[in-house]
Amino acid sequence: MKRNNVWVASLIAPVMIAILLLLAGSPSVRATDHSSAANAAVKIDNFVFGPQTLTVPVGTTVTWTNSDDIPHTSVSTEGVFKSKVLDTDEKFSYTFTKAGTYPYYCTIHPKMTGKVVVQ
Amino acid sequence: MPDKKQDLIDQNLQDLNNDGVDRRGFLKCMAWAGTGLVWTMSGGIPASRAFARSSGKNKDAAKGADFSFVQISDSHIGFNKPANPDVTATLQTAINKINGMSHTPDFIIHTGDLSQLSKPSEFDTLDQVLKGASAKQIYFVPGEHDMLSDNGEQFLQRYGKGTKGAGWSSFDHKGVHFVGLVNVANLKAGGMGSLGHEQLEWLEDDLKGRSASTPIVLYAHIPLWTIYPDWGWGTDDSEQALSYVKRFGSVTVLNGHIHQIMQKIEGKVSFHTAMSTAFPQPAPGTAPSAGPMKVPAEQLQQVLGITDVNYVVSGGSLAIVDSPLGTSGSSGNGGGA
């Protein structure tokens with residue numbers, strides 16, 4: 001009997017360790033996935049939004065950065081989001097919580113248009 | 001890229017050839033100079049030339065004129081990037097140049113982008129500099145930089161007293177009818193400049209009943225003719241506005257926004273854009289974008305300037321002279337136009 005118990009214990013221990021490792025490990029893996037999907041960038045350069053169409057998962061925070069010597073804005077055509085005037089190197093962020101296509105433009109230079117596709 | 005520029009010249013030439021020539025003058029020569037497109041016309045019809053190259057002739061332009069006014073544009077007070085770290089100083093130079101003219105202009109028209117970011121402090125600085133101008137009356141229309149954040153509320157309070165809508169208005173001066181238009185409000189995604197239905201209706205009404213012999217001057221920030229759609233250098237509904245002035249014998253359209261001289265004559269309508277007092281912008285299609293163009297510091301004053309318009313009643317014509325800020329003859333002792 002005693003020998004059997006030892007055998008069972010020696011069998012259970014590695015399994016328990018593996019389960020514990022999994023429990024400890026999995027949230028951190030998920031968090032890593034989450035943070036890489038949660039941020040995306042649009043660069044405003046030479047009067048162009050780049051990339052012009054940005055496709056991101058739901059929950060992503062998109063940050064626009066103005067790299068021009070001239071102020072720009074990033075304003076949703078449908079009134080979903082609206083940046084303040086972004087002078088050189090200023091940023092604007094918006095988190096997309098619903099799937100959909102979000103066209104936007106620069107209200108100062110309306111020829112500048114872009115799109116965020118949220119999936 | 002030079003091809004695009006050439007296209008533009010060709011297009012302009014074509015317009016001239018197709019206009020039915022009901023004008024007293026004709027185009028004599030055209031060339032690119034350091035300051036932009038230079039036109040010379042005979043018969044006292046709008047002339048535009050590099051001030052530095054023909055200062056002798058410029059003195060004649062003012063002679064016999066019944067009155068003159070000056071257009072300044074795009075002072076962008078608050079801009080401090082390498083293309084011009086001191087835009088207040090260059091605006092001051094422009095005002096000094098106006099004050100040094102042999103004839104005092106009756107008034108000044110500022111065709112917008114007074115400020116860089118519509119900040120109260122920027123408008124304050126502008127006011128301080130303009131206070132020193134010999135001409136006390138100044139008319140303004142806003143540029144897109146003057147309408148940031150507050151839909152132009154502040155601009156209207158400071159510079160739009162007595163104007164309608166987003167700041168449009170008209171006035172008469174010595175037989176000439178002036179109309180200031182606003183084409184930088186409520187711009188639509190993907191579009192260019194826009195006047196909007198309400199303003200167009202007002203314009204039609206404003207011009208109604210005026211004699212066709214009344215010289216008309218239209219001024220607005222963004223060009224009222226399509227110069228380069230890729231960069232938004234035009235006004236979507238300008239066609240409509242121009243249809244209201246077709247019956248008039250002399251129409252001059254003065255714009256800013258593109259920070260360089262461009263001209264086109266279509267029938268009896270002369271289109272003209274002015275240099276900036278702050279920084280130059282590239283010729284259409286010659287750069288990746290319309291952003292500020294950096295030139296060597298010693299060349300900056302050759303690509304900034306003012307526009308002097310002389311009106312002669314007898315011919316009902318206006319002579320337009322563009323003057324770069326940096327010219328040998330501009331030093332305040334009557335050497336100006």
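## A walk through chains A and B

Start by selecting strands β2, β1, β4 and β6 of chain A: in that order they make an open sheet of four strands with mixed pairing. (Strands here are DSSP E runs of at least two residues and helices are H or I runs of at least four, numbered from the N terminus; two strands pair if DSSP finds at least two bridges between them.) The edges are β2 (48-50) and β6 (91-95) of chain A, each pairing on one side only. On average, neighbouring strands of this sheet are turned by 20° against each other, direction ignored, with axes fitted as lines to C-alpha atoms and angles running from 0 to 180 degrees between N-to-C directions.

Before you click on, a word on the model: it is predicted, local features need pLDDT of at least 70, side-chain atom pairs count only at pLDDT 80 or more, and totals for chains, interfaces and linings use all residues. Residues are numbered from 1 along each chain as its sequence is written, while chains are lettered from A and ligands numbered from 1 in the order in which they are written.

Now pick β1 (residues 39-45) and β4 (residues 61-66) of chain A, which run parallel and are joined by six bridges. Show N39(A) and you'll find T61(A) of β4(A) opposite.

Next, colour β3, β8, β7 and β5 of chain A, another open sheet of four strands with mixed pairing, in that order. Here β3 (53-56) and β5 (75-76) are the edge strands. β5(A) pairs with β7 (residues 100-105) of chain A over two bridges, in the antiparallel sense, and V75(A) stands opposite Y105(A).

Over in chain B, select helix α4 (residues 120-130). Its buried residues are E122(B), F123(B), L126(B) and L130(B); buried means 20 or more other C-beta atoms within 10 Å of the residue's own, exposed 12 or fewer, and partly exposed in between, again with C-beta atoms placed from the backbone. They sit on the same side of α4(B) because they cover an arc of only 95° around the axis, taken from the directions from the helix axis to the C-beta atoms. On the other side, P120(B), S121(B) and D124(B) are exposed. The buried residues pack against α3 (87-99), β5 (138-140) and α5 (153-159) of chain B.

Last stop: L181(B). Leaving aside neighbours within four places in sequence, its contacts include V141(B), W168(B), L218(B) and A220(B).

How values were computed
Two residues are in contact if their C-beta atoms, placed from the backbone, lie within 7 Å.
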